Amino acid sequence: MQHRFDAALDALFEGPVPKAVLAVSGGIDSMALASLCLHSNRDFDFAVANADFCLRGEESAGDQAFVRQWCRENGIRCFTAVFDTASYASRNRLSIEMAARELRYDWFERLLEEEGYNCVMVAHNMDDNAETMLLHLLRGTGIAGMHGIKPVNGRIVRPLLGFSRQEIAAYAESVSLSWREDSTNAEAFCHRNHIRNNVFPLLKQINPSFKESLQRSSRYFAQAENVLSKAVQEAEGSLYLHPEGTDAELLIDTAALRERGNAGFWLFHILNGYGFTPAQIASMEKCLESGNHRSFASAEWELLLRADSIRLYPKEDGQAPTPQSIPAPGTYPWFGGSISLEIVQPESITSLIPPKNTLYLDAGTAAFPLTLRAPQDSDRIRPLGMKRGSRLVSDALTSLKLDIRRKSRTAVLCSGEGDILALAPHIISEQAKVRPDSGKILKITIG
């Protein structure tokens with residue numbers, strides 16, 4: 001196994017093996033990694049790093065003491081850290097597993113930067129890869145998730161991926177290696193352990209070499225992902241729209257999407273990384289087929305699906321601003337941005353056609369204090385040019401072909417009597433229009 005391990009190092013690195021930090025928990029896999037590095041014929045500098053996540057009381061503290069002792073006996077530099085994982089998980093609203101992962105890899109990055117090492121070696125093996133592939137398959141992550149664990153991911157390197165847990169155990173026994181047994185490994189308290197302890201034995205009955213089969217498949221999936229990624233990049237250009245005046249992160253042409261076919265596939269790849277679930281993407285595909293309009297939300301993004309386009313926006317924090325009194329000209333907060341009101345002289349206006357996101361009103365009809373608020377269902381306005389009657393604000397905004405997001409973020413500016421003077425930055429009312437005899441002008445700018 002030592003010979004195969006050294007060959008694995010050669011395959012992972014071009015030239016000499018770089019300075020490495022070994023992530024060593026004290027368990028059999030990581031202790032085998034440390035032993036194999038210690039006895040490798042490839043001359044390279046390495047240190048050991050061990051983190052106590054304070055999740056198993058004296059047992060995890062004992063693991064750290066065990067790793068320190070091994071390093072002292074073998075003259076290996078050892079870095080240690082202790083984390084209050086439960087508190088970190090609570091503060092950041094993470095699962096314990098994700099919190100430990102974040103703490104662990106953030107610490108590794110700091111070690112590399114501060115101590116001058118080039119990479120971190122972790123002891124993920126063939127069994128870990130099989131578990132990951134099955135978890136990804138069950139969660140519906142698509143082909144991108146089926147390549148399993150990457151041998152090299154940034155500065156994280158996994159030289160044991162080609163070895164099964166059984167081979168590692170045989171090696172540990174052959175060299176009389178000591179290790180610490182994590183008592184939680186035998187408990188089916190999480191999905192990964194459930195697969196390891198309950199699912200793997202069943203799969204082994206069907207195919208004794210199922211781990212090796214999954215390992216080969218993971219390589220094919222990785223190659224297929226590369227081929228598909230290039231195809232997606234080449235095709236995506238024809239699916240995007242680029243109109244002016246939109247703040248959308250992505251704007252997808254639904255007609256082109258339908259024409260290309262397999263809309264679910266394209267949506268999955270285009271929206272990958274934006275946090276939408278497979279179930280949401282399946283619903284988007286159904287809406288495309290039926291022509292239904294619908295909105296979707298992930299943790300950080302909003303998606304608006306309409307007849308002509310799909311628009312993706314960053315999600316803004318908070319609800320619509322509460323109505324606020326505007327006592328005088330100035331700049332006021334509005335939906336994470338601002339709205340500015342300024343009194344200017346008519347001669348400073350060179351054209352009554354305002355710049356983008358700007359409106360001009362007759363200051364005489366817009367006497368302070370004013371009220372600023374979000375649109376309401378019953379709102380009505382007499383738009384500029386309409387001599388009699390009024391229109392629902394929702395209809396007036398729809399006529400401008402605004403999507404639901406831009407409609408909801410329209411700033412409704414009202415007089416002291418409650419009359420709507422403007423729907424900034426889109427529409428002004430007939431009563432507030434600038435006339436030849438207007439003494440001063442109220443300039444409204446949405447920023």
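Student: Working rule first: two strands pair if DSSP finds at least two bridges between them. So which residue of S20 stands opposite Ala422?

Tutor: Ile428 does. Keep in mind that this is a predicted model.

Student: Noted. How many bridges join S19 to S20?

Tutor: Two bridges link strand S19, residues 420–424, to S20.

Student: What sheet do they sit in, and in which order?

Tutor: An open sheet of five strands, ordered S11-S15-S18-S19-S20. The pairing is antiparallel.

Student: Which strands are at the edges?

Tutor: Strand S11 (324–326) and strand S20 (427–428). Each of these edge strands pairs on one side only.

Student: Next sheet. What is the order of the four strands?

Tutor: S12-S13-S21-S14, again an open sheet with antiparallel pairing. The edges are strand S12 (330–334) and strand S14 (358–362), and each pairs on one side only.

Student: What about the twist?

Tutor: From one strand to the next, the twist averages 20°.

Student: How many bridges between S14 and S21?

Tutor: Five, in the antiparallel sense, with strand S21 covering residues 441–446. Leu359 stands opposite Ile444 in S21.

Student: Switching to helices. At what angle do H2 and H7 pack?

Tutor: About 60°, with the axes 10 Å apart. H2 spans residues 28–38 and H7 spans residues 165–174.

Student: What does that make H2 relative to H7?

Tutor: Oblique. Roughly perpendicular starts at 65 degrees and roughly parallel is under 35, so the pair falls in the remaining class.

Student: Left-handed or right-handed crossing?

Tutor: The crossing of H2 and H7 is left-handed.

Student: Which residues meet there?

Tutor: On the H2 side, Ile28, Asp29, Ala32, Ser35 and Leu36. On the H7 side, Arg165, Ile168, Ala169, Tyr171 and Ala172. By class, the contact has seven nonpolar residues, one polar and two charged.

Student: And how does H2 cross H3?

Tutor: At roughly 10°, and the axes come within 12 Å. H3 is residues 58–74. H2 and H3 are therefore roughly parallel to each other.

Student: Where is Gln2 placed? And is Gln2 buried or exposed?

Tutor: Gln2 belongs to helix H1, residues 2–12. Gln2 is buried, because its relative accessible area is 18% and the cut-off is under 20%.

Student: What about Arg4: buried, exposed or partly exposed?

Tutor: Partly exposed, at 40% relative accessibility. Arg4 lies in helix H1.

Student: What does Arg4 contact?

Tutor: Gly162, Phe163 and Glu167, leaving aside neighbours within four places in sequence.

Student: How far is Arg4 from Leu160, C-alpha to C-alpha?

Tutor: The separation is 9.8 Å, although the two residues are 156 apart along the chain.

How values were computed: Residues are numbered from 1 along each chain as its sequence is written. This is a predicted model: local features need pLDDT of at least 70, side-chain atom pairs count only at pLDDT 80 or more; totals for chains, interfaces and linings use all residues. Side-chain values use heavy atoms; hydrogens and water are left out. Axes are lines fitted to C-alpha atoms, for helices over the stretch in contact, and angles run from 0 to 180 degrees between N-to-C directions. Angles under 35 degrees count as roughly parallel, over 145 as roughly antiparallel, 65 to 115 as roughly perpendicular and the rest as oblique. A crossing is left-handed if the near helix is turned anticlockwise from the far one by less than a right angle, and right-handed if clockwise. Contact means heavy atoms within 4.5 Å. Ala, Val, Leu, Ile, Met, Phe, Trp, Tyr, Cys and Pro count as nonpolar, Asp, Glu, Lys and Arg as charged, and the others, Gly among them, as polar. Buried means under 20% relative accessible area, exposed over 50%, partly exposed in between (1.4 Å probe, protein chains only).
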